[in-house]
Amino acid sequence: MKIGFASNDWSRSMHTHTGLPVMGGSGHIRIGQYISPLRKRGIDVVLGILAHNQLTGTFGIHSWDNTGDHFDCDVIVLQRYMHMQVLPDMKRAQAAGQIILNDVDDWYWGLSDKNHAKAASDPNLNKVENTDWYRQIIEQSGGVIASTPFLRDKMLEWNDNVALHTNYVNTEQFKDVPEFVTDDPIRKLVVGWMGSTAHRSGDLEILKPYANEIAKFAKFHHTGDVQAPNIPRFNKEMGLSAGVVSTSPFLAPHALHNGFTFNVGIVPLTNIPFNHAKSYIKGIEYAAAGIPFVASWSPQYEELVEIHGIGTLAREPSEYVSLLKDFLDEDYRKQQSIEIRKKVKKFDVKVGASNLYSVIKRLHKAAWNEKR
């Protein structure tokens with residue numbers, strides 16, 4: 001069985017040293033990081049963007065690795081394709097015998113107005129590429145891979161053939177991240193956050209009432225800073241003076257291990273359905289790098305902390321102050337770093353690759369039996 005992965009999540013500003021496109025964070029975590037381990041297992045996979053053969057009606061993959069277009073895939077896994085043309089093309093591909101699956105990793109129908117993705121996918125603002133078309137594509141695909149239990153349950157309302165594949169991380173990539181040491185005698189902690197401020201749901205702002213209290217014993221760092229019009233700045237979102245915040249540029253997924261210039265991480269989240277659907281990926285990336293962290297409550301972070309023993313949970317934003325202050329104890333911080341690095345190994349990409357392949361085979365079989 002040849003599997004074609006078609007992602008619509010590619011960076012518009014970053015390229016590899018050879019000039020090839022770089023996947024976005026979601027595309028990398030859900031698809032890109034699995035290509036190498038799957039191939040090492042002898043599984044025939046190809047990664048790229050979606051192509052459609054007008055003569056045969058089949059979908060294919062336009063690959064970036066100079067191997068051309070692949071129209072011989074038995075199953076196509078789509079990620080974040082919302083364009084109206086995908087729907088009729090998908091029906092032709094299905095009629096030609098292809099099984100089309102969709103990987104769903106965000107609850108786009110619960111986006112906050114503050115998230116820049118909201119306007120880009122709103123049916124009232126974008127008639128040709130939006131969440132209405134996305135839902136129809138999901139409903140009529142052969143099956144759905146969901147990244148969290150929340151999304152699995154939502155997708156089961158639209159499609160009978162749904163399977164859960166949670167997120168994993170390449171622990172090998174982060175194993176050599178050194179402990180970050182600050183020479184500031186007063187603020188011995190550097191509290192860090194990684195990500196795009198443009199794609200948030202007011203998350204950072206929940207810490208605004210408490211950020212200056214935290215700043216009495218810690219500095220802050222933002223990895224992912226973009227200086228552009230209409231892109232919020234981390235210090236403004238947090239209500240902090242620029243003097244206690246350092247920044248570093250946005251990093252491609254394959255270079256993320258270079259961005260941990262802090263010794264404690266945070267994962268602030270507003271209590272909305274969109275965030276209830278989100279995975280614990282940021283937390284397990286922190287853990288793989290040995291960075292202890294505090295996360296807001298969400299179903300996935302409650303699972304990560306309470307069941308897997310990774311991270312610390314702040315059920316209310318006010319709890320961040322005392323939980324972060326605990327990490328001033330260097331022995332406690334180092335012990336947490338050692339423990340989470342051990343525990344996160346169960347979330348390694350090699351384990352995830354095996355699970356993903358099993359999920360695709362199961363969904364493919366069910367979809368094929370349904371066609372017959």
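Serine 147 counts as buried, because its relative accessibility is 1%, and a residue counts as buried when this value is under 20%. The model in which this is seen is a predicted one. Serine 147 belongs to the loop that lies between strand β9 and helix α6, the latter formed by residues 149-155. Leaving aside residues up to four places away in sequence, serine 147 touches Arg30, Val104, Asp105, Leu164, His165, Thr166, Asn167 and Gln300. Histidine 62 is 85 residues apart from serine 147 along the chain, and the C-alpha atoms of the two are separated by 25 Å.

Strand β9, residues 143-146, is covered on both faces. Gly143 and Ile145 are buried on one side, and Val144 and Ala146 are buried on the other. Strand β8, residues 99-104, runs parallel to β9 and is joined to it by four bridges; here valine 104 stands opposite alanine 146. Strand β10, residues 162-164, pairs with β9 in the parallel sense over three bridges, and valine 162 in β10 is the bridge partner of valine 144.

Two parallel pairings involve β1. Strand β7, residues 75-79, is joined to β1 by five bridges, with serine 7 opposite glutamine 79. Strand β4, residues 45-52, is joined to β1 by four bridges, and glycine 4 has valine 46 of β4 as its bridge partner.

Helix α3, residues 86-95, packs with helix α5, residues 131-140, at an angle of about 10°, and their axes are 10 Å apart. The two helices are therefore roughly parallel to each other, since angles under 35 degrees count as such. Their crossing is right-handed. On the α3 side, Val86, Leu87, Met90, Lys91 and Gln94 take part, and they meet Trp133, Gln136, Ile137 and Gln140 of α5. Sorted by class, this contact comprises five nonpolar, three polar and one charged residues.

A further sheet remains to be described. Six strands form an open sheet with parallel pairing, in the order β13-β12-β11-β14-β15-β16. Strands β13 (245-249) and β16 (312-314) each have a single partner strand and stand at the edges, so one side of each is left without a neighbour in the sheet. On average, neighbouring strands of this sheet are turned by 25° against each other, direction ignored.

Serine 296 has alanine 314 of β16 as its bridge partner. Which residues surround threonine 312? This residue is placed in strand β16. Not counting residues up to four places away in sequence, threonine 312 touches Phe293, Val294, Ala295, Val305, Leu323, Phe327 and Tyr332.

Notes:
Residues numbered from 1 in each chain as written. Predicted model: local features only at pLDDT ≥ 70, side-chain atom pairs only at ≥ 80, totals over all residues. Heavy atoms only, no water. Axes fitted to C-alpha atoms, helices over the stretch in contact; angles between N-to-C directions. Parallel < 35°, antiparallel > 145°, perpendicular 65-115°, else oblique. Left-handed = near helix turned anticlockwise from the far one by under 90°. Contact = heavy atoms within 4.5 Å. Nonpolar A, V, L, I, M, F, W, Y, C, P; charged D, E, K, R; others polar. Buried < 20%, exposed > 50% of the residue type's maximum accessible area, 1.4 Å probe, protein only. Pairing = 2+ DSSP bridges.
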